[in-house]
Amino acid sequence: MATVTDTAASTAPGGHAAATAPAQETTDGFHLVIDALKLNGIDTIFGLPGIPITDLTRKAQAAGMRVISFRHEQNAGYAASVAGFMTGKPGICLTVSAPGFLNGLTALANATTNCFPMILVSGSSEREIVDLQQGDYEEMDQLAIARPLCKAAFRVLHAEDIGVGVARAIRAAVSGRPGGVYLDLPAKLFPQAVDAEAGRRSLIKVVDPAPRQIPAPEAVKRALDLLKGAKRPLILLGKGAAYSQADAEIRALVEKTGIPYLPMSMAKGILPDTHPQCASAARSFVLPEADVVVLVGARLNWLLSHGKGKTWGGKSSKEWGNQRFIQVDISPQEADSNVRIDSPVVGDIGSCVSALLAGIGAGWPKPPAEWLDAVAERKNKNVAKMAETLAKNPVPMNFHSALNVVRDIVKANPDAILVNEGANALDFTRSIVDMYKPRKRLDVGTWGVMGIGMGFSVAAAVVGGGPVIAIEGDSAFGFSGMEVETICRYDLPVCVVILNNNGVYRGDEKNPTGGKDPSPLVFVKGARYEKLMEAFGGVGVQATTPAELRAAMEEALRSRRPTLINAVIDEGAGTESGRITALNPTAKKK
Ligand code: ADP
Ligand code: TPW
C-alpha cells in the first residue's frame with residue numbers, strides 16, 4: 001500500500017522533537033481509493049482531470065494504473081461502460097464536480113439502460129456548503145441527481161469508509177443485472193489522513209462480486225417441456241448473452257438442439273454469423289413464423305417490436321402473435337414486461353444454459369425439417385439478393401459498395417473490434433458485415449445513442465486489445481470527434497471510417513424557404529474529416545472508391561497507426577431514421 005510518513009506525528013506536543021516516538025505511517029483518501037480499486041483488479045481509469053481529482057489521476061498513474069485521459073467526460077464514460085461490457089469488470093470513469101459529473105452522467109444512464117457495469121466516480125464540493133446552497137465552486141447535489149439514473153449511488157465522507165464504498169459500488173455494478181453505479185467522493189475526503197495499518201484493514205477485496213444464480217429445476221423442466229413440443233422453434237441471443245461470456249454453453253445449446261438462431265446486434269459473433277443455423281438473413285420470416293422463442297439475454301423492448309404486432313405475426317401493432325416465449329434472464333422482473341412469458345428461467349446465462357443442456361440429451365428431437373427448410377430457403381434467397389447488391393460498383397460510392405469492403409476486411413481480421421454508429425451507417429453495417437467472434441461488435445445499444453464512437457474505440461483498443469474499426473456516420477462521428485486526439489496521444493490501433501454523405505441520414509436536404517441557412521439536416525459539403533486525424537499526427541485518407549477504401553483500411557490494419565478514412569459516399573444515399581422509419585411517422589420518403 002502507498003503510505004505517507006507523517007512527520008507531524010513524530011513531533012511531541014509543544015513542538016519539541018520526541019526522540020523516542022517512532023514515525024507513524026499514514027495513508028490518505030487518495031491512496032485508499034487507488035488501493036481499493038487495485039485490490040479488486042481494477043487497473044484502468046477513464047477520465048478527465050481537474051479540481052478535486054487532478055491529483056488522484058496523477059497518483060493513480062504513479063501507482064501503476066492505466067489512466068486514459070479524454071477531451072470530454074461523456075466519451076470517457078462511454079469508454080468505461082463498454083470496457084465493463086467487454087470484461088465483466090466495472091469500468092471506471094473519473095470526473096470533476098458539477099459540469100464534469102453531468103458530462104459523465106449521460107454515459108452512466110446509458111450504461112444502466114444497456115446493463116453494462118460501470119462506476120462513475122466524481123469529485124464533489126463541500127457538503128456543508130452544497131446543502132445550504134451557499135454557492136461553492138461547482139456546487140451541485142450530485143448524489144441526488146445521479147440516483148434515478150443508475151442502479152445504486154453512494155457517497156463516502158470518511159477515508160475509513162472508502163473500502164466499503166468501493167466494494168459496494170463494485171457489487172452493485174456487476175451482481176444481478178449489471179448497470180451503472182455512482183460513487184460520490186467529496187474533495188475533503190482525499191487529503192484525510194488515516195493510520196496506514198487501519199487504512200489497509202479497512203479495504204475489502206470483494207469475494208465473488210457476480211455470484212452465479214442457479215435457475216430453479218422446475219423452471220428448467222418447464223422450459224424443456226415447452227421447447228420439446230415446438231414445431232418452429234427459434235433462439236434469440238441478446239447482448240446479455242454476449243456479456244455473460246458463456247460462449248461455449250450457448251454454442252452447445254444452439255448446435256445440440258439444431259434450432260435456428262437470431263443474434264441481436266451486439267450478440268453477433270457469439271457464434272459466427274456464417275454459422276449454418278444463423279437466421280439473420282431470414283429475420284422477417286422467422287419472427288412471425290416461430291412458435292416457441294427462447295430469449296437468451298434479450299429484452300422484448302422496441303428493438304424487438306415489444307414482442308408483438310406485425311413483426312411477430314400479430315394482425316395489428318398491438319396484437320400478440322402466436323409465439324410462446326422462454327426467457328432466460330438474470331432479472332426476475334423482466335418476464336411479462338411486454339407479452340406473456342410462458343416459461344421464465346431466472347438465473348445467470350451460464351448456469352441457465354448449462355441446466356438446459358443437461359436435459360438435452362442425444363435423443364433430443366431436431367426441429368421439423370419443414371421448418372428448417374423454410375428458413376434455409378428464405379435465407380438463401382435473401383443472401384443471393386444481397387450478394388447481387390454488394391457486387392455493384394456505383395459512382396459515387398454508396399453504403400453497400402463501401403460496406404462490402406468493410407465486410408471483407410473484417411472477415412480477414414476476425415479479431416478486430418467493430419464499433420458502429422449512425423442511422424443508415426449502423427443498420428447497413430449490422431446487416432452486411434458478418435462478425436466471427438463474441439463481443440467484437442460494439443454499437444449504439446438500447447437507446448440508439450449517437451456519440452459512443454470514439455469513446456468505445458478507445459476502450460476497445462485499451463482493454464479489448466485488438467485493432468479497432470469504427471464505422472461512423474458523419475453526424476454520429478461529430479459527437480465524439482475530438483477524441484481522435486486521444487487516439488493519437490495513446491497511439492491506439494484505431495481505424496475510423498466515416499461514411500460521409502454530408503449530413504444527418506443524407507446530405508441533399510434543402511431549406512424549404514430558399515433562405516441562406518442550410519437545412520438542419522445537412523453539414524458542410526465535401527468536409528475533409530481526414531485532416532482532423534492528420535492534425536494530431538495520425539493518418540488521414542480520403543477515399544472515393546471501394547478500391548481506395550480497401551487499400552486504406554488494409555494499410556491501417558497492417559500499420560496499426562491511428563487512421564481516419566473519409567469515405568465519400570452519395571449524398572442521396574440513406575433513408576431518414578435508417579431502418580426505424582416506423583418510429584418516425586413524419587419521416588420524409590426518398
Ligand atoms: P439486446 O439489446 O441485445 O436485445 P438487452 O440489453 O435488451 O439485449 O437485454 C439484455 C438482457 O440480458 C437484460 O435483460 C439483462 O438482465 C440480461 N443479462 C445481462 N447479463 C446477464 C447474465 N449474466 N445472465 C443472465 N442475464 C443477463
Ligand atoms: C445523442 C438522433 C439518430 S441517427 C443520427 C441522429 C442525429 C445521425 C444520423 O446521421 P449519420 O448516419 O450519423 O450521418 P447516416 O448513415 O444515416 O447518414 N442525439 C443523440 N442520439 C440520437 N440517436 C440522435 C441525436 C439521431
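**Figure 1. Secondary structure and overall dimensions of the predicted model.** The protein has 21 helices and 20 strands (DSSP runs, H or I of at least four residues for helices and E of at least two for strands, numbered from the N terminus). Its radius of gyration over C-alpha atoms is 26 Å, close to the 25 Å of the globule rule for 590 residues, so the protein is as compact as a globular protein of that length (the rule is 2.2 Å times the number of residues to the power 0.38). The model is predicted: local features need pLDDT of at least 70 and side-chain atom pairs pLDDT 80 or more, while totals for chains, interfaces and linings use all residues. Residues are numbered from 1 along each chain as its sequence is written, and side-chain values use heavy atoms, without hydrogens and water.

**Figure 2. Salt bridge between Asp 273 and Lys 268.** The two side chains meet at 2.9 Å, N to O (salt bridge: a side-chain nitrogen of Lys or Arg within 4 Å of a carboxyl oxygen of Asp or Glu). Asp 273 and Lys 268 are both buried (under 20% relative accessible area; exposed is over 50%, partly exposed in between; 1.4 Å probe, protein chains only).

**Figure 3. Salt bridge between Asp 415 and Lys 437.** The N to O distance is 2.9 Å. This pair links distant parts of the chain, 22 residues apart: Asp 415 lies in the loop between α15 (399-412) and β15 (417-421), and Lys 437 in the loop between α16 (424-432) and β16 (441-443). Asp 415 is partly exposed, at 39% relative accessible area; Lys 437 is partly exposed too, at 32%.

**Figure 4. Salt bridge between Asp 443 and Arg 441.** Their side chains meet at 2.9 Å, N to O. Asp 443 and Arg 441 are both buried.

Note on methods
Chains are lettered from A and ligands numbered from 1 in the order in which they are written.
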